[in-house]
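User: Hey, can you walk me through the charged pairs and the core in this one? I'm new to this.
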Amino acid sequence: MRIYLPLTPADRPVLERSGSDVELVAGRAAWAVTAEVRASFPQEDEEDLEYEALQEATHVALGEVAAASRALVIALDVPERDLAPAEDGGAYGVAASRETSGRIASFHVTELSAAAAEADDTDPALLWFDAAEGPRALEYLAGGTPD
């Protein structure tokens with residue numbers, strides 16, 4: 001199952017080594033399109049649901065960084081059996097039900113800082129980085145420019 005995970009300091013070394021898996025501790029919060037979400041929004045396209053899950057994770061990530069900083073969300077593929085609904089994650093909220101790992105699919109970094117994104121009344125714009133581009137995603141996160 002594809003999950004969206006706000007970056008934590010423990011994740012940084014994995015991103016610096018492009019192509020690695022991310023280890024998840026039991027209880028780690030993430031956002032995903034679950035069977036319950038699909039049942040709740042049967043008229044919605046799968047791509048739209050994935051977009052909403054990514055945006056939920058992005059808003060959480062923006063709330064966890066300094067006002068002048070950008071936020072990063074990691075898209076991971078995790079065995080569905082290792083996830084459970086989260087009590088406080090909204091409709092898309094899930095949590096690791098046990099220690100597990102996920103294969104990195106991509107990285108998503110906000111174009112704007114947290115303060116600028118909050119002042120903007122639209123969904124935060126994200127730049128997409130391939131799974132092998134962890135170091136470049138971190139560079140952009142730190143204030144670099146995309147190539």
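User: How many salt bridges does the structure hold?
Analyst: Seven. A salt bridge here is a side-chain nitrogen of Lys or Arg within 4 Å of a carboxyl oxygen of Asp or Glu. Heads up: this is a predicted model, where local features need pLDDT of at least 70, side-chain atom pairs count only at pLDDT 80 or more, and totals for chains, interfaces and linings use all residues. Residues are numbered from 1 along each chain as its sequence is written, and side-chain values use heavy atoms, with hydrogens and water left out.
User: Which residue does Asp 82 form a salt bridge with?
Analyst: Arg 98, with the closest N and O atoms 2.5 Å apart. Asp 82 sits in the loop between strand 4 and strand 5, and Arg 98 in the loop between strand 6 and strand 7. Strands (E, at least two residues) are DSSP runs, numbered from the N terminus.
User: Is Asp 82 buried or exposed?
Analyst: Buried, at 4% relative accessible area. Buried means under 20%, exposed over 50%, partly exposed in between (1.4 Å probe, protein chains only). Arg 98 is partly exposed, at 41%.
User: Which residues are linked with Arg 98 in a network of salt bridges?
Analyst: Arg 81 and Asp 82.
User: New topic: how many residues are in the largest nonpolar core?
Analyst: It has 26 residues, and Leu 72 and Phe 107 are among those with the most contacts inside it. Such a core is a set of buried Ala, Val, Leu, Ile, Met, Phe, Trp, Tyr and Cys residues joined through side-chain atoms within 4.5 Å.
User: And the second, separate core?
Analyst: That one has 16 residues, including Tyr 92.

Key: Helices (H or I, at least four residues) and strands (E, at least two) are DSSP runs, numbered from the N terminus.
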